[in-house]
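The following report describes a single protein model.

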Amino acid sequence: MKRKICAAALAAGLLLFAGCSAQTMTPFTANWQANASVYDRSFYERTEYSVSFAREDSFSEGFLFEPGEDSALTVTVEAVPAWNGLSQLYRLTSTLTLSGRYLYLGEDGQESEVVAFGGDSGNEPAVIERTALFYSPYEDNLEPIESASTIYSYTPVEQGSRAVEVYSYGYTVQYADGGSRATVTYTDGFAGLTDAESEINADTRKVSVFADRLLPEEAVTVSGIQSRYSGIDEAYLLFAGRGIAYSSESAMPLTVVSGASAYTVAMSGVTGTLSAAGDTSFVLDGETVEDEAIEAVIVSARLADGSPNSGPLQTVSYALPTQTDADGNAQGNLYYALPLEVRQAFGFTGTAAQIVYTLENASHTR
């Protein structure tokens, strides 16, 4: 049976990176600031995203997600000029709330509800909350310092099955040795539940990550994080992607630490153009962005461990940090390299079904 913790594809295990003489480090630029060359001690940004579900015509069987009205993703990033003797930091806080229901599309083409959550369903919504503290690119390339995550998720168990498992767990990550080593400590919100308490319906049950040995009860250590590639925490992968110079000719690899493992993500992008009036429309610092083209880079963040499951992890459309006018003249970083849209694969069908997060509002004042 193929099991997974959540849609972010966390593996139940721990990968220790061996030393490597040849390092491939990724340079970052603070494209999220109006002036990318100087650390902004007053930097603040809040972005809000709506949630939708998309599927291709080729999708013929499996789980579907029908989002509720209160589904949303909110990300706040602020400068932390000084903390515990350290300087030039950022703190990121993100909250993803998913309410709605899972449907199953059978071989006969009929859809049936598997489980509803959030809203007035009587079940808790899915919620992923993360915080992360990390250096600015002027100190060690967005090196992580610490992070914390709490997760309440509804996860399909395997292809061809209606089974859904519900997880409630958390973890903290403390980094040391210049971000090269991390200690991960776990909590289990469903520890000690009886079978009767675990059952939500015939297809859905709550699972203890400790009892089912999906995560360890004891703290574990991830080593050698910076030995091959620039290492970051999973909590700010989307934010870090704004600071990379992309090329369709190559992929920029990062070592990403999650609560259960460390893995390599290859970031590669192709430039394109989005119409603010058509493909996307959002409010930027109180003004609606519309009737103009936004030059963007479409980035594939792909697992790069060489396994058969190294398909697309997510696709992000970032506004380019240098926009141009109709004559090709540079206009500057009008949109702060914002993530305009994020697409995450859903279930077991690759990109045939995706959860889509679309930027609705971005503000740089509290």
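Phe134 and Tyr236 are both buried, where buried denotes under 20% relative accessible area, exposed over 50%, and partly exposed the range in between (1.4 Å probe, protein chains only). The model is a predicted one: local features require pLDDT of at least 70 and side-chain atom pairs pLDDT 80 or more, whereas totals for chains, interfaces and linings use all residues. Residues are numbered from 1 along each chain as its sequence is written, and side-chain values use heavy atoms, with hydrogens and water left out.

Ring centres of Phe134 and Tyr236 lie 3.8 Å apart with the planes at 10°, so this pair is stacked. Rings of Phe, Tyr and Trp (its six-membered ring) are paired if their centres lie within 6.5 Å; planes under 30 degrees apart are stacked, those over 60 edge-to-face, and the rest tilted. Phe134 belongs to strand β7 and Tyr236 to the loop between β14 and α2, so the contact ties together parts 102 residues apart in sequence. Helices (H or I, at least four residues) and strands (E, at least two) are DSSP runs numbered from the N terminus.

## Further aromatic pairs

The whole structure contains 22 aromatic pairs. In one of them, Tyr102 and Phe117, the ring centres are 5.3 Å apart and the planes stand at 85°, so the arrangement is edge-to-face. Tyr102 is in strand β5 (residues 100-105) and Phe117 in strand β6 (residues 111-117), 15 residues apart. Tyr102 is buried at a relative accessible area of 7%, and Phe117 is buried at 1%.

Both Tyr102 and Phe117 belong to one aromatic cluster, which also includes Phe53, Phe63, Phe65, Tyr104, Tyr152, Tyr154, Phe190 and Phe346.

## Salt bridges

Side chains of opposite charge can pair when their charged atoms come close. A salt bridge is counted when a side-chain nitrogen of Lys or Arg is within 4 Å of a carboxyl oxygen of Asp or Glu; a search of the whole structure finds 12. One of them joins Arg130 to Glu234, with an N to O distance of 3.6 Å. Arg130 lies in strand β7 (residues 126-135) and Glu234 in the loop between β14 (230-233) and α2 (237-240), so the bridge ties together parts 104 residues apart in sequence. Both Arg130 and Glu234 are buried.

Arg205 forms a salt bridge with Glu165, with the closest N and O atoms 3.3 Å apart. This pair links distant parts of the chain, as Arg205 is in strand β12 (residues 204-207) and Glu165 in strand β9 (residues 164-176), 40 residues apart. Arg205 also bridges to Asp212, with the closest N and O atoms 3.6 Å apart. Arg205 is partly exposed at a relative accessible area of 37%, as is Asp212 at 29%, whereas Glu165 is buried at 4%. Elsewhere, Glu66, Arg101 and Glu113 are linked in a network of salt bridges.

## Nonpolar cores

A nonpolar core is a set of buried Ala, Val, Leu, Ile, Met, Phe, Trp, Tyr and Cys residues joined through side-chain atoms within 4.5 Å. The largest has 94 residues, and those with the most contacts inside it are Tyr90, Tyr102, Tyr154, Tyr236, Met267 and Phe282. Strand β9 gives the most to this core, with seven residues. A second, separate core of five residues includes Val80, Leu89, Leu133 and Tyr135.

Ser317 lies in strand β20 (residues 312-319) and is buried, with a relative accessible area of 6%. Leaving aside residues up to four places away in sequence, Ser317 touches Leu274, Val297, Ile298, Leu338, Pro339, Leu340 and Glu341, a contact being heavy atoms within 4.5 Å.

Gln226 is found in the loop between β13 (220-222) and β14, buried at a relative accessible area of 12%. With residues up to four places away in sequence again not counted, its contacts include Gln23, Met25, Glu143, Pro144, Gly178, Gly179, Ser180 and Gly231.

## The chain as a whole

The protein chain has two helices and 24 strands. Of its 366 residues, 48% are buried. Among contacts between residues at least 6 apart in sequence, 64% join residues at least 24 apart.

The chain exposes about 16100 Å², of which carbon and sulfur atoms supply 46%. Accessible areas come from the Shrake-Rupley method with a 1.4 Å probe; for residues, only the protein chains shown count as cover.
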